[in-house]
Amino acid sequence: MSESNNRNALLHQYRLYIEQEENALEMNLLELQRLNEESTLFLKRTLERLRAEGALVQSHFAIKGLLSSTTIQWPTTYDRASEIAIAFQYPLSNLGRRFDKIVGAIDGKNCIIRMPSPPEYGAFFRDRNNRYSVKLTAVCDYDCRFIYVRVGDSERSDDAAAFNSCDIIEILGNPRRYFPTDGYLVGDSAYPLSRHLIVPYPNSES
């Protein structure tokens, strides 16, 4: 093969190599563009979710601060905790003696709300019935008066998840301050059994 033919063959191979590299580079650029679009969309949705949750958290603390200064108070004194415990133990309905040392009853409730604004936030607060709602976690005394309230968790959170994200965990972990009579809360099976939270035995709820 002549020198001219060798040179032409090398040039052809070089052109093929350059073409392959250009195609690979173009594919990489397209992939980067796709990933960038997906990342941008993910960040946008994350920001929207955080904004929605942030607004609800601010509302929760505003409501809690307002109500706790007026009517909603945890029974941190021995006398108040004893009053609640006695009323739980000897109800006026004459049903006989019940458990002693109960400080309160805990449960969750779905609160229906209007569609959040802007509409993009609404997806975070649709419940299984396709309604807009937020989760209320509350503890009541013997007379159904609130002694603790948390509102604002997405309805995508069940009672157990809402419980794990509220400061009831801190209350249960500090019995000297919050359970002066060494009492406890009562709740349904959605909540975890602990030293200061009594729940039914498995399969015992009717």
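Start by selecting R80: with a relative accessibility of 23%, this arginine counts as partly exposed. Before you go further, keep in mind that the model on your screen is a predicted one.

**Stop 1**

Is D141 buried or exposed? D141 is buried, as its relative accessible area is 4%; the cut-off for buried is under 20%.

R80, E83, D141 and R145 are linked in a network of salt bridges. As background, side chains of opposite charge can pair when their charged atoms come close.

**Stop 2: D182 and R195**

How many salt bridges does a search of the whole structure find? The search finds four. For another salt bridge, select R195 and D182, whose closest N and O atoms are 2.7 Å apart. R195 lies in the loop between β4 and β5 and D182 in the loop between α5 and β4, so this pair ties together parts that are 13 residues apart in sequence.

Stay on D182 and look at its backbone. D182 has a positive phi of about 60° although it is not a glycine. At 34% relative accessibility, D182 counts as partly exposed.

**Stop 3: K101**

Jump to K101 for another backbone of this kind. K101 has a positive phi, about 65°, and is not a glycine. You will find K101 in the loop between α2 and β1. Its relative accessible area is 37%, so K101 is partly exposed.

**Stop 4: the aromatic pairs**

Next, show the aromatic side chains. The structure holds three aromatic pairs. Select W74 and F179: their rings form an edge-to-face pair, 6.0 Å from centre to centre and with 80° between the planes. Which parts of the chain does the pair of W74 and F179 tie together? W74 lies in the loop between α1 (3-68) and α2 (78-89), and F179 in the loop between α5 (175-178) and β4 (184-186), so the pair joins parts that are 105 residues apart in sequence. W74 and F179 are both buried.

Move on to F163 and Y191. The ring centres are 5.5 Å apart and the planes are at 70°, so the pair of F163 and Y191 is edge-to-face; the angle for that class is over 60 degrees. F163 belongs to helix α3 (residues 159-164), whereas Y191 is in the loop between β4 and β5 (197-198), so the pair ties together parts 28 residues apart in sequence. F163 and Y191 are buried.

W74, Y178 and F179 form one aromatic cluster.

**Stop 5: the largest nonpolar core**

With W74 and F179 still selected, widen the view to the largest nonpolar core, which has 17 residues. Which residues have the most contacts inside this core? They are W74, V139, I168, F179, L185 and L197. The elements that give two or more residues to the core are β1 (102-112), β3 and α4 (168-172). Colour α4 to see the largest share of the core, three residues. In general, nonpolar side chains in soluble globular proteins tend to be buried together.

**Stop 6: the second largest pocket**

Finish at the second largest pocket, which has a volume of about 210 Å³. Twelve residues line this pocket, and you can find the centre by selecting the closest ones: F99, I102, V186, I198 and V199. What kinds of residue make up the lining of the second largest pocket? The lining divides into nine nonpolar residues, two polar and one charged.

Terms used: Residues numbered from 1 in each chain as written. Heavy atoms only, no water. Phe/Tyr/Trp six-rings, centres within 6.5 Å; stacked < 30°, edge-to-face > 60°. Helix = DSSP H or I, 4+ residues; strand = E, 2+ residues; numbered from the N terminus. Buried < 20%, exposed > 50% of the residue type's maximum accessible area, 1.4 Å probe, protein only. 1 Å grid on protein atoms, 1.4 Å probe; cavity = no way out; pocket = protein on both sides within 12 Å on 5 of 7 lines; lining within 4 Å. Points joined across faces, edges and corners; volume = space filled by probe spheres on them. Nonpolar A, V, L, I, M, F, W, Y, C, P; charged D, E, K, R; others polar. Salt bridge = Lys/Arg side-chain N within 4 Å of Asp/Glu carboxyl O. Core = buried A, V, L, I, M, F, W, Y, C linked by side-chain atoms within 4.5 Å.
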